[in-house]
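Student: I would like to go through this model and ask what stands behind each label.

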Amino acid sequence: MYVQRTEEVPQTPPTPASCGHTPTTVERGSFCTARCGCGWSGPARRSRDRARTDAAEHSAVP
C-alpha cells in the first residue's frame, strides 16, 4: 500500500511551465519514489531527499 506523506511533497508553488505536472513522493517500505499526475515515475530511492529532488527536477522540465 502506498502512503503519501504531506511533509514529503515539494513545497514550491506550481509555475506556469509546470501546471500540467503535480509531482509527489510516495513511500513503499524503505523506498521513496517521485511520481507525477502525467504518468512519470522516478526511480525508487532510499533517500527521501533525493526523491524530492527528482520531483523538483521533473516539475522544472517544460
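The questions below set computed values against their definitions.

Tutor: This is a predicted model, in which local features need pLDDT of at least 70 and side-chain atom pairs count only at pLDDT 80 or more, while totals for chains, interfaces and linings use all residues. Residues are numbered from 1 along each chain as its sequence is written, and side-chain values use heavy atoms, with hydrogens and water left out.

Student: Which pattern does the chain follow along the sequence?

Tutor: The pattern is β-β-α, from two strands and one helix. Helices (H or I, at least four residues) and strands (E, at least two) are DSSP runs, numbered from the N terminus.

Student: What makes the buried residues of α1 line one face?

Tutor: The buried residues are Ala-51, Asp-54, Ala-55, His-58 and Ser-59. Seen down the axis of α1, they fall within an arc of 130 degrees, so they line one face of the helix. The arc is that of the directions from the helix axis to the C-beta atoms. Their cover includes β1 (24-28) and β2 (31-35).

Student: Why is β1 described as largely enclosed?

Tutor: Four of the five residues of β1 are buried, so the rest of the structure largely encloses this strand.

Student: How do you know that β1 and β2 pair?

Tutor: Two strands pair if DSSP finds at least two bridges between them. β1 and β2 have five bridges, in the antiparallel sense. Among the bridge partners, Thr-25 goes with Ala-34, and Glu-27 with Cys-32. The strands form a hairpin with two residues between them, and Gly-29 in the turn has a positive phi of about 65 degrees.

Student: What makes the link between Glu-27 and Arg-48 a polar contact?

Tutor: A polar contact is a pair of N or O atoms within 3.5 Å; within protein, one must be able to donate a hydrogen and the other to accept it, and residues adjacent in sequence count only if both atoms are side-chain atoms. The side chains of Glu-27 and Arg-48 are joined at 3.2 Å.

Student: Which residues does Thr-22 touch, not counting residues up to four places away in sequence?

Tutor: Thr-22, in the segment before β1, touches Arg-35, Cys-36 and Gly-37. Contact means heavy atoms within 4.5 Å. The C-alpha atoms of Thr-22 and Gly-37 are separated by 5.5 Å, although these residues are 15 residues apart along the chain.

Key: Buried < 20%, exposed > 50% of the residue type's maximum accessible area, 1.4 Å probe, protein only.
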